[in-house]
Amino acid sequence: MKKYNKPKFSIVIANYNYGHYIKDAIKSVLLQSFLDWEIVIVDDGSTDDSLKNIEPFLVNKKIRLYNLPANRGC
């Protein structure tokens, strides 16, 4: 059984139709000098280009996406 190394920090990014900002939000974490983190992106059923902008970052195993099928709001 592979041991999961829990990161020290979890950065949670909530997203709903902010495709034009999401890349910058992810890049701002990637540029930090502290590296013991994970990014959890929760997309609340976006209908814009959010997912297209998030997908290239998912090759990084420290970035996870939870894509909700429909907008649920708060």
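This is a predicted model: local features need pLDDT of at least 70, side-chain atom pairs count only at pLDDT 80 or more; totals for chains, interfaces and linings use all residues.
Residues are numbered from 1 along each chain as its sequence is written, and side-chain values use heavy atoms, with hydrogens and water left out.

The protein chain contains two helices and three strands, where helices (H or I, at least four residues) and strands (E, at least two) are DSSP runs numbered from the N terminus. Along the sequence these elements follow the pattern β-α-β-α-β. The C-alpha atoms fill a box of roughly 35 × 30 × 25 Å, taken along the principal axes. Of the 74 residues of the protein chain, 28% count as buried. Among contacts (heavy atoms within 4.5 Å) between residues at least 6 apart in sequence, 75% join residues at least 24 apart.

The three strands form an open sheet in the order S1-S2-S3, with parallel pairing; two strands are taken to pair if DSSP finds at least two bridges between them. The edge strands are S1 and S3 (63–68), each of which pairs on one side only. From one strand to the next the twist averages 15°, based on axes that are lines fitted to C-alpha atoms (for helices over the stretch in contact), with angles running from 0 to 180 degrees between N-to-C directions. Strand S1 (residues 9–15) is joined to strand S2 (residues 37–44) by seven bridges, and within this pair Ala14 stands opposite Val42. Between S1 and S2 the chain passes through helix H1 (residues 19–30) in a right-handed β-α-β crossover; the term right-handed applies if, with the strands pointing away from the viewer, the path from the first strand over the helix to the second runs clockwise. Six bridges join S2 to S3.

Asp43 lies in strand S2, and its bridge partner in S3 is Asn67. With a relative accessibility of 0%, Asp43 counts as buried. Apart from residues up to four places away in sequence, Asp43 touches Asn15, Ser50, Leu51, Leu65, Tyr66, Asn67 and Leu68.

Helix H1 comprises 12 residues, which at 1.5 Å a residue should span 16 Å; the end C-alpha atoms are 18 Å apart, which agrees. The expected span is 1.5 Å times one less than the number of residues. Gly19, Ile22, Ile26 and Val29 are buried in H1. Seen down the axis of H1, the buried residues fall within an arc of 65°, so they line one face of the helix; the arc is that of the directions from the helix axis to the C-beta atoms. An α-helix has 3.6 residues a turn, so residues three or four places apart point the same way. The buried residues of H1 pack against S1, S2, H2 and S3, whereas His20 and Asp24 are exposed on the other side of H1.

Asn53 is found in helix H2 (residues 50–54). Leaving aside residues up to four places away in sequence, Asn53 touches Gly19, His20, Ile22 and Lys23. Asn53 and Ile13 are 40 residues apart along the chain, and their C-alpha atoms are separated by 14 Å.

Terms used:
Buried means under 20% relative accessible area, exposed over 50%, partly exposed in between (1.4 Å probe, protein chains only).
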